[in-house]
Amino acid sequence: MNEQELKERTKRFALRVIALVDALPKTTAGRAIGNQLVRSGTSVGANYRAACRGRSKAEFAAKIGTVAEEADESAFWMELIMEAGVALYAGLTSTDLAHIVHPHPTLSEALAEANLDALGRAIHL
């Protein structure tokens, strides 16, 4: 996967997160979790773009680390949505949630590999 493809993928992830948050119930929990998820989920793509503008491999590696942290935080909020029953209240099934956020597991793997590549330790590139 090249830089442009990953930029597009992280943007699609952000759009899917926004759709998920819009579908959450307007309860205290739905709003609180939704606010956190929309911040971390949209931050993945924004920070990836910033990483691509890094002036050195070290700067890229540092910034891509932030991207991985935001992706992991997004996963946490999505887990809470499912485990707290917020998704069920909104009429979403685990299949719906998986469809909305499908890029996440492979996105995290791609970001980790990009970080390893910047450090000269890529496994799959």
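This is a predicted model: local features need pLDDT of at least 70, side-chain atom pairs count only at pLDDT 80 or more; totals for chains, interfaces and linings use all residues.
Which residues are buried in H1?

Residues are numbered from 1 along each chain as its sequence is written, and side-chain values use heavy atoms, with hydrogens and water left out.

Let's begin with the overall picture. The chain has six helices and zero strands; here helices are DSSP runs of H or I with at least four residues, strands are E runs of at least two, and both are numbered from the N terminus. Of its 125 residues, 39% count as buried. Buried means under 20% relative accessible area, exposed means over 50%, and partly exposed is in between, with a 1.4 Å probe and protein chains only. The accessible surface of the chain is about 7,000 Å², and 55% of that belongs to carbon and sulfur atoms; these areas come from the Shrake-Rupley method with a 1.4 Å probe, and for residues only the protein chains shown count as cover. Now contacts, meaning heavy atoms within 4.5 Å: among those between residues at least 6 apart in sequence, 72% join residues at least 24 apart.

Back to my opening question. In H1, the buried residues are Leu-6, Lys-7, Arg-9, Thr-10, Phe-13, Ala-14, Val-17, Leu-20 and Val-21. Seen down the axis of H1, they fall within an arc of 165°, so they line one face of the helix; the arc is that of the directions from the helix axis to the C-beta atoms. On the other side of H1, Leu-15 and Asp-22 are exposed.

Thr-10 is buried, with a relative accessible area of 1%, and its side chain reaches the backbone oxygen of Lys-7 at 3.0 Å. Val-21 counts as buried at 15% relative accessibility. Leaving aside neighbours within four places in sequence, Val-21 is in contact with Lys-26, Gly-34, Leu-37 and Val-38.

On to H3. This helix has 27 residues and reaches 39 Å from its first C-alpha to its last, close to the 39 Å expected at 1.5 Å a residue; the expected span is 1.5 Å times one less than the number of residues. Its buried residues include Phe-60, Glu-70, Trp-77 and Met-78. Ser-74 also lies in H3, and at 0% relative accessibility it counts as buried. Not counting residues up to four places away in sequence, Ser-74 touches Phe-13, Leu-37, Ser-40, Gly-41 and Val-44. After H3 comes Gly-85, whose phi is positive, near 80°.

Finally, the core. A nonpolar core is a set of buried Ala, Val, Leu, Ile, Met, Phe, Trp, Tyr and Cys residues joined through side-chain atoms within 4.5 Å. The largest one here has 18 residues, and those with the most contacts inside it are Leu-20, Leu-37, Ile-64 and Ile-81. Helices H1 (3-23), H2 (28-52) and H3 (57-83) are the elements that give two or more residues to this core. Which helix gives the most? That would be H3, with seven residues. In soluble globular proteins, nonpolar side chains tend to be buried together.

Notes: A polar contact is a pair of N or O atoms within 3.5 Å; within protein, one must be able to donate a hydrogen and the other to accept it, and residues adjacent in sequence count only if both atoms are side-chain atoms.
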